[in-house]
Amino acid sequence: MNSKYIKEDKLLVLELLEEIDHHGVEKIRRKADDEITKYMPRKVVLDFNNVSFMDSAGIGMVLGRYKIVNMLGGTLEMENVSTPLRKIFDMSGITRICPIRN
């Protein structure tokens with residue numbers, strides 16, 4: 001996972017680079033949580049551009065990061081979500097609290 005923090009906008013972009021399954025999600029969670037607590041951003045964007053597969057562990061990962069960012073007074077958005085991933089997010093209801101921006 002790569003991260004980019006834009007200080008002027010208090011924006012943290014987390015670029016997810018691997019498949020998100022139950023094997024790799026813990027590493028993503030730790031890195032994302034470290035970056036969020038380090039920068040305390042007002043907005044976090046999860047970039048799914050390089051994600052080709054995601055299972056239910058990915059839904060939990062997104063919800064967990066949403067809860068942390070929300071507790072810190074920020075917002076969480078997703079971008080570059082493929083059609084199959086969008087269907088998963090729509091069916092799970094995550095898009096009602098974490099919008100997908102294009």
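**Salt bridges in close-up**

**View 1. R101 and E79 form a side-chain salt bridge, with an N to O distance of 3.1 Å.** The model shown in this and the following views is predicted. R101 belongs to strand 5 (residues 100-101) and E79 to strand 4 (residues 75-79), so the pair ties together parts 22 residues apart in sequence. R101 has 30% relative accessibility and counts as partly exposed. E79 is at 14% and counts as buried, because buried means under 20% relative accessible area.

**View 2. R29 pairs with E26 in a salt bridge between their side chains.** The N to O distance is 3.6 Å. R29 and E26 are three residues apart in helix 1 (residues 25-39), so about one helical turn separates them. R29, at 24% relative accessibility, counts as partly exposed. E26 also falls in the partly exposed class, with 39% relative accessibility.

**View 3. R30 and E26 are joined by a side-chain salt bridge, N to O 3.9 Å.** Both residues are in helix 1, where four residues, about one turn of the helix, lie between their positions in the count. R30 has a relative accessible area of 47% and is partly exposed, because the exposed class requires over 50%.

**View 4. The structure as a whole holds seven salt bridges.** Side chains of opposite charge can pair when their charged atoms come close.

Note on methods:
Residues numbered from 1 in each chain as written. Predicted model: local features only at pLDDT ≥ 70, side-chain atom pairs only at ≥ 80, totals over all residues. Heavy atoms only, no water. Salt bridge = Lys/Arg side-chain N within 4 Å of Asp/Glu carboxyl O. Helix = DSSP H or I, 4+ residues; strand = E, 2+ residues; numbered from the N terminus. Buried < 20%, exposed > 50% of the residue type's maximum accessible area, 1.4 Å probe, protein only.
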